[in-house]
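Colleague: Before we discuss this model, could you take me through the terms behind its description, setting each value against its definition?

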Amino acid sequence: MKESSRQRLEALREAAIKEETEYVELLAAEKHQVEALKNMQHQNKSLSILDEILEDVRKAADRLEEEIEEHAFDDNKSVKGVNFEAVLRVEEEEANSKQNFTKREVEDDLGLSMLIDSQNNRYILTKPRDATIPRADHHFLKDIVTIGMLSLPCGWLCTTIGLPTMFGYIICGVLLGPSGLNSIKSVVQVETLGEVGVFFTLFLVGLEFSPERLRKVWKIALQGPCYMTLLMIAFGLLWGHLLQIRPTQSVFISTCLSLSSTPLVSRFLMGSARGEKEAGDIDYSAVLLGMLVVQDVQLGLFIAGMPTLIQAGAGTYSSIIMETLRILALVGQILFSLAAAFLLCLVIKTYLIGPYYRKLHVESKGNKEILILGISAFIFLMLMVTELLDISMELGCFLAGALISSQGHMVTEEVMSYIEPIRDFLVIIFFASIGLHVFPTFVVYELTVLMVLTLSVVIMKFALAALVLSLLLPKSSQYVKWIVAAGLAQVSELSFVLGSRARRAGIISREVYLLILSVTTLSLLLAPVLWRAAIMRCVPRPERRLSL
C-alpha cells in the first residue's frame, strides 16, 4: 500500500508539473498576443513624441526583463535529486486584507508569499521573478524591531538584579519564541544575522589577544587550560565509555564544557584594583585573564577542528587499522590547513597589515564609515580564507583581530571603539536567537537532572582547576588557585555557538543539545555566587571591597 501510494503521488506530481508548464506557455502566448495587438494599434495611429518615448522605454524594459529573467523552475526540474512536493501558498496578511484585489493583482503586489510543505517547514521568497521591483521581507523587519524593543527591558532587569545582560536577551528570545508568544516568523533569518554577531565577537576576542598580557604568567596561562582540557576530555571519554556514548560526542561535550566565559569573568574583575603584592606573589586577575585568553585561542582551534569531528563521526569503517589511518589523515589535513593559515598570517603581519591600516586611516580622513568598512572587509577576507582552507570561518575572524592587535595599543583601542557597537547589537540578536530554542517547560520537567548535572560540572571544573593550579603556582601564591578556580567553574556562553553547530552537523542529538544549553545557563547563574564566596574566603578585606 505504501508503494502504491508513492506511485500515485509521483503520477500526480508529474501531472501537476505538466499542467504548470502548459499554464506558463498559455500565459506567455497571451502576453505575446497582447504585445502584438498593441503594436498593431500603435502602427494604425500617429504617435506623439511622448508616446514614442514611452514606447521605446517599454521595449527597453521588455528586453531588460528577458535578459535578467532566470528560468529556475525549468532549469532545475529535471536535475537529479530534485523532488516535487505539494506546498501551500499563504499570501501576506496585507494582501489578503485587500478584498478588491484580483488573484493576479495579489501575485504582482509587493507583498511576500509563504510556502508551507507537508513537513510543516516554512519558506519565504529569496529572489523574485521580477528583479526590477524592490521588495522587503516585512516579517523579518518586524522580528528585528520586536527583538530590539523587548531586549531593553529584559537586559535592564538582569542588570538590576546583578546578572549578565545576555540572560535578558535569552529571556527575550524565550518570550518571543515558540514557548512564548510565538511571534517570530523569520527564525532562520534571525539566526543568520545572529551568526554575524559571533564573527564580530571572535574578532574582538582576537583584538584583545596580546602577548603582553601573558608575559608575566605565560607558563601558568598556557599550561593550565591545556591540562584542564585534556583532563576534561579524559573524564569525558571515561564516562562516555561507561554510558556507551560515541567518542566523537564525548570529546565534543567535554571540550565544550571545559571552556569558561570571558565576558562574565571580565565583569567580575571590572573595577577591581589589587594592592601591592609581596615579592613572588601573583595577581589572581592576571592568571585568570591569561587562562581565559588561552581558552579563547583553544575555542578558535576547536571550531577549526569541528569538520574533522564531523567526518570522524560519519565514519563507517569496521577495521581498527583503517579507522586509525583515517583519523590520522584527518588530523594531518587539519594541521596542514592550520599551518597554511598561520603562515599566511605571518606574511600579512610582516608585509601587509601595517601599510593597509595606515593607508586606510589616511584615506578615511576622519570618516568613520570608511574605516569601519575597511576593517569589516579585512575580517570577511580572513573569514573567507579560512573557509577555503576548511578550518571554519570563526577562526579567520579571531586571526583578523590578532593581526590588527599587532599594530599597537592605540590602533586596538580605536578599532575596538568602532566595532564594539556593531558587535553589541548583533550579539543581542544572537542570544535572542538562542532563546528561541530554550524551553522553560523542559527545564521544569528535568529540573532535578539538570541541577545534578550542573553541580557535577561546576564541582568537577573547580576541582580540576584547583588541582592543576596547585601544581603550577608557587607556594607563596597557593591561595590564588581558589579564586581562579571559582572564576573558571562555569561554562562559556559560546557553548551555545558550538552546540548549535554540532546539532546541525549531527555530532550531538537534540536531547544532548538541550542539556548543554540548560547546564550552561544554570552554571552561569551559579557563577556569581561561587565567585563571591571565593573572594570572601581568600581576599584580604581592603582588596575584597574593590573586587566585589
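Modeller: On a 1 Å grid over the protein atoms alone, a cavity is a set of points where a 1.4 Å probe fits but cannot get out, and its lining residues have an atom within 4 Å of a point. A volume is the space filled by probe spheres set on the points, which are joined across faces, edges and corners. This is a predicted model, in which local features need pLDDT of at least 70, side-chain atom pairs count only at pLDDT 80 or more, and totals for chains, interfaces and linings use all residues. Residues are numbered from 1 along each chain as its sequence is written, and side-chain values use heavy atoms, with hydrogens and water left out.

Colleague: What volume does the second largest cavity have, and which residues line it?

Modeller: The volume of the second largest cavity is about 40 Å³, and its lining consists of V198, L202, L299, I303, E394, L494, V497 and L498. The search of the whole structure returned two cavities of 30 Å³ or more.

Colleague: What makes helix 11 largely enclosed by the rest of the structure?

Modeller: Buried means under 20% relative accessible area, exposed over 50%, and partly exposed in between, with a 1.4 Å probe and protein chains only. Nine of the twelve residues of helix 11 are buried, so helix 11 is largely enclosed by the rest of the structure; among the buried residues are F252, C256 and L257.

Technical notes. On a 1 Å grid over the protein atoms alone, a cavity is a set of points where a 1.4 Å probe fits but cannot get out, and a pocket is an open set with protein on both sides within 12 Å along at least five of seven lines; lining residues have an atom within 4 Å of a point. Helices (H or I, at least four residues) and strands (E, at least two) are DSSP runs, numbered from the N terminus.
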